[in-house]
Number of protein chains: 2
Amino acid sequence: VHGDGGAAADGRGRGNGAPGRALVVGTGLIGGSLGLALRARGWHVRGWDADPDRTREAVESGALDEPGDDPRADVAFVATAPSAVAAVARRLLDDPRRARPIVVTDVAGVKASVVAAVGHPRFVGGHPMAGSEQVGLGGADPDLFAGALWVLSPVAGSVAGEPVTATDLEAFSLVRGIVSSLGADVVALAPEDHDRLVAVVSHVPHLVAATLMNAAAEGAEQDAVLLRLAAGGFRDMTRVAAGHPGIWPDLCADNADAIVHSLDRLISDLASLRDRVGAGDRRGLLEMLERASAARRHLPARGARPERLTEVRVPVPDREGVLAEITGAASDLGVNIYDIEIAHSPEGPRGLLVLVVEGRDAPGLREQLRRRGHRSTVQDLS
Amino acid sequence: VHGDGGAAADGRGRGNGAPGRALVVGTGLIGGSLGLALRARGWHVRGWDADPDRTREAVESGALDEPGDDPRADVAFVATAPSAVAAVARRLLDDPRRARPIVVTDVAGVKASVVAAVGHPRFVGGHPMAGSEQVGLGGADPDLFAGALWVLSPVAGSVAGEPVTATDLEAFSLVRGIVSSLGADVVALAPEDHDRLVAVVSHVPHLVAATLMNAAAEGAEQDAVLLRLAAGGFRDMTRVAAGHPGIWPDLCADNADAIVHSLDRLISDLASLRDRVGAGDRRGLLEMLERASAARRHLPARGARPERLTEVRVPVPDREGVLAEITGAASDLGVNIYDIEIAHSPEGPRGLLVLVVEGRDAPGLREQLRRRGHRSTVQDLS
């Protein structure tokens with residue numbers, strides 16, 4: 001079953017992203033968005049969800065043409081929970097009733113375990129870095145992937161040292177073509193590299209947020225005032241911990257090695273930091289914090305980072321309309337707001353609105369705000 | 001010098017927050033806002049900054065009536081860097097030329113070391129939990145403290161086991177009255193308790209953010225793609241690390257014991273977590289993440305938390321006017337936006353706008369957004 005490799009035997013819709021017949025399995029945010037995006041580009045899309053109600057909703061919302069399997073499908077996107085991907089993919093790839101050799105890809109947040117478990121030349125591991133696991137079909141959007149990063153993980157013959165059937169190049173080319181046609185920016189990363197890197201920037205930070213939140217909640221059992229002292233920084237750092245925890249045991253199990261490695265590194269870094277604080281090493285602390293500050297300011301927000309970003313901080317009352325007033329002032333001036341957040345006072349009806357705006361018009365915006373009674377400070381982030 | 005205790009010998013402006021003569025030393029965001037707030041309530045305010053240019057700016061912006069000392073001042077707010085507080089406070093309290101016994105308070109983010117170093121009955125340690133250390137005089141606002149939490153740290157005769165002159169009750173009452181008159185919500189906390197709690201919710205989270213950022217930046221030296229994979233969660237968690245590191249060596253030195261204790265606890269928690277991930281303990285991981293999710297959702301944002309908060313997620317393109325459009329729709333409906341942020345795709349011109357709105361009108365807002373072409377999902381946070 002593994003060695004056929006002839007993914008391009010039937011040319012329809014292959015290699016150039018031209019529309020054909022697709023399957024979408026799992027119709028949450030990502031699956032639903034895929035269905036909408038593919039249909040908008042002329043694909044005929046069938047599919048299903050493990051929950052029949054969600055399958056029906058996907059058809060009603062236009063994410064699927066029809067429910068159910070399609071023996072003539074060229075490609076299948078498996079957008080289920082990570083733990084279900086391998087079984088679904090194998091069933092599709094091994095099904096002898098298929099009219100043509102189907103190419104299968106997935107969207108799970110871990111890649112090595114999934115790619116190794118499927119072990120088929122026409123399986124192309126994928127991970128679109130778009131959307132959020134917290135949002136279901138209701139948030140599905142045909143443009144979700146426009147400009148988003150989409151990791152594809154082709155295999156050259158082994159994963160983490162174990163032999164795995166190499167990815168068929170035409171299968172990879174088909175998936176790459178489709179993903180590109182949806183507007184995504186494709187990055188090819190070996191499965192182990194993907195997993196190692198997302199452990200550092202996603203999995204471990206998420207686990208740390210949950211750990212900080214639990215420590216504070218336990219402290220608050222003894223000192224009820226503790227959480228009233230939690231200001232904007234703490235709220236920012238723990239925000240992801242509010243998400244639905246459902247997929248995390250899967251991600252932790254499938255990416256255990258990289259997460260353990262990255263946690264060990266973090267624990268070691270924190271132990272050094274602890275020693276610096278204990279020893280009163282002001283210079284070492286300042287150097288470490290300055291390095292982090294510079295790195296955070298230069299963190300790329302997207303591939304084509306605007307040439308110049310300016311941060312504008314505006315103290316605002318929490319009242320209706322004040323945001324519309326300020327964002328309206330920006331809009332009137334043609335100043336594009338690149339990022340926005342409110343840093344709340346821990347108490348009371350005050351907030352600090354932090355805007356990151358593009359271009360060189362921040363002084364004009366500041367003046368507009370001043371005329372409307374808002375004091376602001378401006379800082380160049382370029 | 002220490003034992004006089006007669007803070008109320010001259011009754012002017014004492015105990016009831018009625019206006020008198022104040023000094024503000026240090027004219028950054030907090031000092032400048034204090035000057036504006038006190039002057040707006042009828043106080044005569046003199047003061048200075050270590051930087052003469054900033055003193056001049058404070059006078060020009062209306063934060064000070066006049067530059068310089070005032071021998072007849074009833075109260076002084078020391079809003080300098082933490083490491084300078086004790087010397088400034090002692091100089092004011094010990095000055096034999098003062099016309100009346102001055103009461104001194106401060107705004108530093110650590111309390112035990114400052115209170116012990118000053119050790120005077122007419123010194124009342126304080127910490128307004130408002131604003132941000134990143135913003136200077138330009139962000140000063142007379143209403144900065146309206147509704148904010150303001151910790152005052154009276155001493156009963158010892159700090160961390162060491163004998164310290166007890167705080168004069170009338171001095172405390174004077175500061176409490178003034179702070180309340182500015183609209184702040186006063187919480188009295190022993191200096192050690194304040195320091196222990198802010199280590200948990202502020203100091204250690206800040207240090208962790210810097211550590212995560214540095215680890216990612218170092219990883220990016222080997223894998224340039226790493227930071228392109230950093231999505232909204234990572235950006236949230238490291239945002240505070242972008243702040244100006246200047247005050248942190250002071251805070252770490254002055255609150256070393258509590259920070260080391262809290263870091264030790266965190267390291268121990270992370271080691272347990274690491275073992276759970278390594279052992280594939282899915283149930284333990286899920287339980288831990290569910291606990292954190294529930295705690296984060298119930299994190300009080302302010303004393304009078306709105307009865308009902310709803311989260312509305314709207315995928316939006318990064319274009320001018322879209323924020324004004326959405327916040328305008330909320331404003332038109334009378335829906336108060338309590339919190340707002342953009343979770344960017346790591347690449348490309350797409351974002352996810354996350355609004356937290358008050359009240360029960362979220363379905364109406366969703367409908368309004370739908371009419372304007374925006375799909376959204378709604379989640380009850382109550």
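The questions and answers below concern a predicted model.

Reader: How many helices and how many strands does chain A have?
Author: The model is predicted, and the elements are numbered from the N terminus. Chain A has twelve helices and 14 strands.

Reader: In what order do the strands of the eight-stranded open sheet of chain A stand?
Author: The sheet is open and its pairing is mixed. Strands of a sheet pair through backbone hydrogen bonds, either parallel or antiparallel. In chain A the order is β3-β2-β1-β4-β5-β6-β7-β10.

Reader: Which strands stand at the edges of this sheet in chain A?
Author: An edge strand here has a single partner strand, so one side of it is left without a neighbour in the sheet. In chain A this applies to β3 (66–67) and β10 (185–188).

Reader: Which residue of β2(A) is the bridge partner of Val24(A)?
Author: Strand β1 of chain A covers residues 21–25 and strand β2 covers residues 44–48. These two strands pair in the parallel sense over five bridges. The bridge partner of Val24(A) in β2(A) is Gly47(A).

Reader: What is the handedness of the β-α-β unit that β1(A) and β2(A) make with helix α1 of chain A?
Author: The helix in this unit, α1 of chain A, spans residues 29–40. Handedness is judged with the strands pointing away from the viewer, and a clockwise path from the first strand over the helix to the second counts as right-handed. The unit of β1(A), α1 and β2(A) is right-handed.

Reader: Is Cys252(A) buried or exposed?
Author: A residue counts as buried under 20% relative accessible area. Cys252(A) has a relative accessible area of 1%. Cys252(B) is also at 1% and counts as buried. Cys252(A) is therefore buried.

Reader: How many disulfides are there over all chains?
Author: A disulfide needs a pair of cysteine sulfur atoms within 2.5 Å. By this rule the count over all chains is zero.

Reader: What share of the residues of chain A count as buried?
Author: Chain A exposes about 13,700 Å², of which carbon and sulfur atoms supply 49%. Of its 382 residues, the share that count as buried is 60%.

Notes
Residues are numbered from 1 along each chain as its sequence is written. Chains are lettered from A and ligands numbered from 1 in the order in which they are written. This is a predicted model: local features need pLDDT of at least 70, side-chain atom pairs count only at pLDDT 80 or more; totals for chains, interfaces and linings use all residues. Side-chain values use heavy atoms; hydrogens and water are left out. Two strands pair if DSSP finds at least two bridges between them. Helices (H or I, at least four residues) and strands (E, at least two) are DSSP runs, numbered from the N terminus. Buried means under 20% relative accessible area, exposed over 50%, partly exposed in between (1.4 Å probe, protein chains only). Accessible areas come from the Shrake-Rupley method with a 1.4 Å probe; for residues, only the protein chains shown count as cover.
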